[in-house]
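Please keep the sequence and the structure in view while reading.

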Amino acid sequence: QYKMEDKLSNISGPSKWALGITSGLNVIDLKTSSSIQGYSNILDQASSKRFGYSLGLNISYRLSDRFALHGALEHHLLREQIQFTQSDTTIIVVENVPTSIVVNEFTGSARTLIGSQERQEVTNRTIGHVNQYNISEVSIGLSYDVYKGPNFDIEALVGFGLTKPNTKGKYIDQNFKIVDLSETDFLNNKSLSSLAILGFRFNTNINKRFSIHSGFVYRQHLTDWALKDAINILPSTFNLNVGIGLKI
């Protein structure tokens with residue numbers, strides 16, 4: 001009599017799903033252009049970049065040994081410094097003031113004519129304000145491992161995203177006047193904005209489940225932020241980030 005025994009073997013392949021949390025720093029370039037003479041130059045001279053921050057949650061699914069599909073939900077705070085002096089000319093009318101003196105050539109008597117006079121008064125108003133752009137972003141993309149080692153790999157990322165901006169601060173309109181972004185329709189805060197994503201990510205495996213990743217991402221907005229036809233604002237951002245990943 002022969003006795004046969006079945007042996008179970010636990011054979012598990014690498015996980016195809018992974019979760020990640022990232023945070024980082026970013027800078028914005030509004031890339032303003034206009035058909036109004038000198039307007040773009042004034043905006044370029046008035047604004048200077050400042051660092052903001054980012055926080056995101058992402059999920060990925062490995063399609064093959066080199067390709068992976070990515071989805072992300074992120075929040076970005078973008079900041080810039082605006083410095084501009086607005087000059088306003090006010091015409092002041094003064095009533096009942098001497099305007100001229102009439103002299104009688106025969107008698108030598110003189111009389112003063114009373115009327116109104118106009119004078120111009122120039123006032124300067126200077127702003128130095130840090131604008132904030134709160135961006136909620138959802139994106140989907142594809143990655144390719146340009147380098148793949150036993151514990152380290154480099155991914156090239158390309159993707160597409162939708163954002164919802166919420167702006168706060170002051171800006172300079174096409175009439176070279178200071179406007180409040182939350183009280184005017186200078187920037188479009190109501191509709192979604194689309195963007196293209198391009199970047200690289202560096203992954204280092206800690207163990208079979210956890211990894212540390214870092215990278216840099218360039219985002220180019222494809223939707224004009226400005227509502228006026230004479231102005232085009234297509235921002236771009238550059239982001240440096242670091243995070244941790246978990247295979248599930």
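Which strands each supply at least two residues of the lining of the largest pocket? They are strand 1, strand 3, strand 4, strand 5, strand 6, strand 9, strand 10 and strand 12. The model is predicted, so local features need pLDDT of at least 70 and side-chain atom pairs count only at pLDDT 80 or more, while totals for chains, interfaces and linings use all residues. Residues are numbered from 1 along each chain as its sequence is written, and side-chain values use heavy atoms, with hydrogens and water left out. Helices (H or I, at least four residues) and strands (E, at least two) are DSSP runs numbered from the N terminus.

Rolling a probe the size of a water molecule over the atoms shows where empty space is left. Here the search is made on a 1 Å grid over the protein atoms alone: a pocket is an open set of points with protein on both sides within 12 Å along at least five of seven lines, a cavity is a set of points where a 1.4 Å probe fits but cannot get out, and lining residues have an atom within 4 Å of a point. Grid points are joined across faces, edges and corners, and a volume is the space filled by probe spheres set on the points.

The largest pocket holds about 560 Å³ of space. Its lining comprises 31 residues, of which Ser-15, Ala-18, Arg-62, Asp-153 and Lys-247 are the closest to its centre. By residue type, this lining divides into 10 nonpolar, 11 polar and 10 charged; Ala, Val, Leu, Ile, Met, Phe, Trp, Tyr, Cys and Pro count as nonpolar, Asp, Glu, Lys and Arg as charged, and the others, Gly among them, as polar.

The largest cavity contains about 380 Å³. Among the 28 residues lining the largest cavity, Ala-72, Glu-74, Leu-157, Val-217 and Arg-219 are the closest to its centre. Elements that give two or more residues to this lining include strand 4 (67-103), strand 5 (110-148) and strand 10 (210-221). Strand 10 gives the most, with 5 residues. The lining of the largest cavity is made up of 11 nonpolar, 14 polar and 3 charged residues.

Thr-237 belongs to strand 12 (residues 236-247) and is buried, with a relative accessible area of 6%. Buried means under 20% relative accessible area, exposed over 50%, and partly exposed in between (1.4 Å probe, protein chains only). Val-217 also has a C-alpha 9.9 Å from that of Ala-156, although the two are 61 residues apart in sequence. Ala-156 lies in strand 6 and counts as partly exposed because its relative accessibility is 22%.

Helix 1 (residues 39-46) has Tyr-39, Ser-40, Leu-43 and Ala-46 as its buried residues. Seen down the helix axis, these residues fall within an arc of 135 degrees, so they line one face of helix 1; the arc is that of the directions from the axis to the C-beta atoms. The buried residues pack against strand 2, strand 3, strand 4, strand 7 and strand 11 (231-233).

The loop between strand 1 and strand 2 holds both Leu-30 and Lys-31. Leu-30 is buried, at 7% relative accessibility, whereas Lys-31 is partly exposed, at 40%. Beyond four places in sequence, the residues touched by Leu-30 include Glu-80, Tyr-133 and Trp-225. Most residues other than glycine have a negative phi. Lys-31, however, has a positive phi near 50 degrees, and Phe-176 has a positive phi of about 60 degrees. Phe-176 is found in the loop between strand 7 (170-172) and strand 8.

Strand 8 (residues 178-180) contains Asp-180, which is buried at a relative accessible area of 18%. The side chain of Asp-180 makes a polar contact with the side chain of Lys-170 (3.5 Å). Such a contact is a pair of N or O atoms within 3.5 Å; within protein, one must be able to donate a hydrogen and the other to accept it, and residues adjacent in sequence count only if both atoms are side-chain atoms.

Notes. Contact means heavy atoms within 4.5 Å.
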